[in-house]
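Take a walk through this structure, from its open spaces to its sheets and then to some backbone details. Keep the viewer open as you read.

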Amino acid sequence: MQTIIGESLPNLPWENRPEGCTDVLWRYSRNPIINWNPIPKAARIFNSAVLPYQDKFVGIFRADQRNGRATLFAGHSDDGFNWEIGPDPIDWRDENGNPNPTSYSYDPRLVKIDNTYYIVWCDDMHGASIGLGKTKDFRTFTRMPNPLMPFNRNGVLFPRKVNGKYLLLSRPSDSGHTPFGDIFLSESPDLIHWGKHQYLMGKGGQGWWQGTKIGAGPIPIETTVGWLLFYHGVSTTCNGFVYSFGAAILGLDNPGKVLYRTRDYLLTPEKLYETTGFVPNVVFPCANLYDAASGRIAIYYGAADTCTALAFTQVDELISYIKENSEVF
């Protein structure tokens, strides 16, 4: 039996597989859960991250304001479906409590390590880089030193140390809308000093849906088989980029080793809210919640760079599918 190593979450947002559906991953029937113009200061909220918190849920949300600038907002929810987003962007402070703003911030990931919640996002450091911050109460937010120099995106922390080190996934890029990209792994003893960078996995293979570039998605889920990582893949068509997503399994004690990786995508733009929007033809996974007791997983993803949607899967079925439909790159 392939199971999740972790805590139970009996109030996990969930919807059973639709009758007649044979897909290993299925969409929430009431998608999108956050639509156009969700709050007065933001036209679009997508590519956001959520976690359980005090028997409810919290989130760090990418909110593109009406001036077009991407900014992070905090929010909360009783059930994981219906969200209340704060009226103002996060007020970042340094370790001494002084203002420490960033000119833009997007595509956050949220992870709890020990008793602290860490936020990783794409930050401005004279070019796109990886930002890192922390909070314990989701009221005060401390900005930490940037882990990596420009140009870089898609920073994802592992939820615990492995072999005594913190681990960070990233996708080195360029100053524009990167037409390339592979996933790398870095390690740190203290979340400040980062090194031992290594290549993890790259674009390509038989799956053309990931032929242009790839990037890490939500926080990896620890399972009895290995670390389950959802990731996005991009193909280039005559009408531009198309973003889909698949999954990989990394070694439990050696996350630098890819054990399995999906040949075919798990989700690709098909629904109107995924194919039509500010940036058409995008599904971009950024968060996952799970209930270790039942093996259920809920995946939050951005749709068409416009709204937020949900999809669901069962861990044992998903891992079996990945193994059976894996390919060597």
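How do the residues of the lining of the largest pocket divide into nonpolar, polar and charged? They divide into 20 nonpolar, five polar and seven charged. Here Ala, Val, Leu, Ile, Met, Phe, Trp, Tyr, Cys and Pro count as nonpolar, Asp, Glu, Lys and Arg as charged, and the others, Gly among them, as polar.

Before going on, note that this is a predicted model, in which local features need pLDDT of at least 70, side-chain atom pairs count only at pLDDT 80 or more, and totals for chains, interfaces and linings use all residues. Residues are numbered from 1 along each chain as its sequence is written, and side-chain values use heavy atoms, with hydrogens and water left out.

Start with the largest pocket. A pocket is an open set of points on a 1 Å grid over the protein atoms alone, with protein on both sides within 12 Å along at least five of seven lines; a cavity is a set where a 1.4 Å probe fits but cannot get out; lining residues have an atom within 4 Å of a point. Grid points are joined across faces, edges and corners, and a volume is the space filled by probe spheres set on the points. By that account the largest pocket holds about 810 Å³ of space. Its lining has 32 residues, and Glu7, Leu51, Pro52, Lys112 and Tyr290 lie nearest the centre. Two or more lining residues come from each of strand S2 (42–53), strand S7 (105–113), strand S16 (221–222) and strand S20 (283–291). Strands (E, at least two residues) and helices (H or I, at least four) are DSSP runs, numbered from the N terminus.

Now turn to the second largest pocket. About 610 Å³ of space lies there. The lining has 29 residues, with Arg62, Tyr106, Asp107, His177 and Asp305 nearest the centre. By class, 12 are nonpolar, eight polar and nine charged. At least two lining residues come from each of S2, strand S3 (56–65), S7, strand S11 (152–157) and strand S18 (240–250). S2 gives the largest share, three residues.

Strands of a sheet pair through backbone hydrogen bonds, either parallel or antiparallel. Two strands pair if DSSP finds at least two bridges between them. Four strands form an open sheet in the order S2-S3-S4-S5, with antiparallel pairing. S2 and strand S5 (84–85) are the edge strands, each pairing on one side only. Strand S4 (residues 70–77) and S5 are joined by two bridges. His76 stands opposite Glu84 in S5.

S20 pairs with strand S21 (residues 296–303) over eight bridges. Asp291 has Arg296 in S21 as its bridge partner.

What lines the largest cavity? The lining consists of Ile33, Ile34, Ser48, Val50, Phe61, Trp83, Tyr300 and Thr308. Six of these are nonpolar, two polar and none charged. The cavity holds about 40 Å³ of space. A search of the whole structure finds one cavity of 30 Å³ or more.

Finish with the backbone. The peptide bond from Asn31 to Pro32 is cis, with omega near -5 degrees. Pro32 lies in the loop between S1 and S2. The bond from Pro150 to Phe151 is also cis, with omega near 0 degrees. Phe151 sits in the loop between strand S10 (141–148) and S11.

Asn154 is in strand S11. Asn154 counts as buried, because its relative accessibility is 6%. Buried means under 20% relative accessible area, exposed over 50%, and partly exposed in between (1.4 Å probe, protein chains only). Ala304 has a positive phi near 55 degrees too. Ala304 is in the loop between S21 and S22. At 0% relative accessibility, Ala304 counts as buried.
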